[in-house]
Amino acid sequence: MSVAEGLGVRPPCAELRLSLVLGERALYVNGDLRTARRWFDAAYLQAQACGDPPALARAALGLGGIWVREHRTAAESEMVRARQRHALSLIDPGSTLAQRLRVRMCGEADYHRGAHDEILRLLEQARGAGDAELLAEALSLAHHCLLGPEHGQLRKELAAELIGQAAVTRRRGDLLMGLMWRTADLYLAADPHAERCLEELRGLLDEQPHLAVGYVAAAMRVMLAIRAGRFEEAERLAGECYELGVTAGDVDATGWYGGQLGAVRWYQGRVAELLPAMADLASSPTLSPIDNSYLAGLALAAAVSGDRRQAAGHLARLRGRDLGALPSSSTWLLSMYCVVETAHLLGDAETAARAYTLLSPYAHLPMVASLGVACFGSTHHSLGMAALTQGDLDLAVRHLRAAVHDNLALSHWPAATLSRCRLGQALALRDGPASEAARAEQAAAAREARELGMVLPAAGRAGGAGGPCRLRRHGRHWQVELGGRVALVDHSVGMGHLATLVGNPGREIPAADLAAGACRPAGQGDSAQPMLDDLARDTYRQRLAELQEEIDELESMHDLERAAAVRLEREWLISELAAATGIGGRARPFADGDERARIAVGKAIRRALARIEAVDAVIGEELRACVQTGVRCSYRPR
């Protein structure tokens, strides 16, 4: 008996066997990547101490994990690669263990350079080797290296083969990985049966958890909540998904959370809020070496915020000498989505044209990020936006019509609403703003956006909603359209004043005329001097009747606060009418009516602007900058 055994201390080799068993259980059964790394690291050091090359190779293989590029920082990645090379040099090169190590190392190398030729070659060798575990691992790694949009059919074949191979390996992890890959493939292909596969996967996970695969299934659930337009739920689920990813030890936890939050904020019209976080993510050493989506998202967020210089700089960095040189990956379509939207906001027709060429073969696909982390709708939408940026309006309309159809088929309500909005804009540009089709699409988009809590993005101008505004009344509501954005707000006296100003851009209108509902031509004398003629008196009286109707309606709706505000305006108008008429109803000059009008009209317009701003901050801010109140009021679009 050794001294160590006499003292009750396990010898290093006994510890080694335990570390390997616990590491392999954590990795292949529980999907606990963090715990598996800890045990395999301990096993590697113990195998070195014991001089056990096969155990050293098992530990080095386990350190690779189940995904490719689980170790992202340069220091960690090179340490694992060095350990794998060292272990491979010590074992029989013809052994199954050596083949498994070569498959792992080849998959890592191919993924790093955005390729797949070597891993497919080794997969063919694995098929003839007769070892079930070797083939299962080769199938999964090859699938991971083929996540670009051009390999959909091949991925489906590999996933099906892996599911079948799981019956031979009898490793539950192989079955879960096969089903997970198949589910991701169906979502990437817009297959209507994807949710059935997800439910099958979730059923198995409910029976016995697998942290790594469960994390992917949770991410898909976030994507579906975003598609349904349930933004608050999606944000809550994204936080829970992040916590699950951290628990599993998945290095993509932070990046995936950023992508999910970015999708929510994009449809909420708040993506500019994420600029600091996106800047950190874009430079994170834990990002996949072929993932350009965060740099692309940073360019788009900068463009939306109005920072054209930063947006153009990030876009140039992405584009390089040729946008086509971006490596194909699971985030390539998302990167191109952001590139197209940024190019549109910057008016970069050259980049839009190149993106159109690159995206054209994938018009039938949805723009899904990674393994179902987030979805930005049909690729037809980006093709339509690229055509719109180039000025090809017929082509833009065709693609955007197809995008609306495909997004509805995806049950992606926010993407369908956005595509409908862009379709309305394209139709208005092609057929004129009075086009019935354009107005119908824009009105439908505005209604859907309001129901979903979306803010539709501006068209063709970074960071704002410039250009002339349009106001249209629909019953008790006003539809405010500005720079491609649409807001729907309740009727009020101030909204009526705004409608008069917007309908007379650049023209100064006395506040007294706005209050009376009469619009005098600019340049008539000061409002303290003109006399009240018969037409003016009739106008005042008609306005009084309208105000009384509005008061009655508001009181019937129990909206006493707004009724009181309208009553104040009516009382002011009565006093003006009384002050302007003498004995027998004869007209006489105004006294200090202009000052009263200035105060009443100014307050009403400011309340209306606040209501607009509450619905759409961009429109509200732009109107505040363009509307001037005072004794004379005006709207001067920039």
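In the predicted model, Gln628 has Ser634 of strand 8 as its bridge partner. This pairing belongs to the contact between strand 7 and strand 8 (residues 632-635), which run antiparallel and are joined by two bridges. Helix 24 (residues 493-502) packs on the sheet, where it touches strand 6, strand 7 and strand 8, and the direction of helix 24 makes about 65 degrees with that of strand 8. The sheet itself is open and is formed by three strands in the order 6-8-7, with antiparallel pairing. Because strand 6 (509-510) and strand 7 (627-628) each have a single partner strand, they stand at the edges, and one side of each is left without a neighbour in the sheet.

Strand 4 (residues 477-482) is mostly covered, since five of its six residues are buried.

Turning to the helices, helix 13 (residues 231-248) consists of 18 residues and reaches 25 Å from its first C-alpha to its last, a span close to the 26 Å that is expected at 1.5 Å a residue. The buried residues of helix 13 are Phe231, Ala234, Leu237, Ala238, Cys241, Gly245 and Ala248. These residues cover an arc of only 110 degrees around the axis, and they are therefore placed on the same side of helix 13. The elements that cover the buried residues of helix 13 include helix 3 (33-50), helix 12 (211-227), helix 14 (253-268), helix 22 (413-431) and helix 23 (436-452). Just after helix 13, a positive phi of about 80 degrees is taken by Gly249.

Thr351 lies in helix 19, which spans residues 349-359. With a relative accessible area of 1%, Thr351 falls under the 20% limit and is therefore buried. When the neighbours within four places in sequence are left aside, Thr351 is in contact with Leu315, Arg319, Leu323, Val339 and Ala343.

Methods. Residues numbered from 1 in each chain as written. Predicted model: local features only at pLDDT ≥ 70, side-chain atom pairs only at ≥ 80, totals over all residues. Heavy atoms only, no water. Helix = DSSP H or I, 4+ residues; strand = E, 2+ residues; numbered from the N terminus. Buried < 20%, exposed > 50% of the residue type's maximum accessible area, 1.4 Å probe, protein only. Contact = heavy atoms within 4.5 Å. Expected span 1.5 Å × (residues − 1). Arc of directions from axis to C-beta. Pairing = 2+ DSSP bridges. Axes fitted to C-alpha atoms, helices over the stretch in contact; angles between N-to-C directions.
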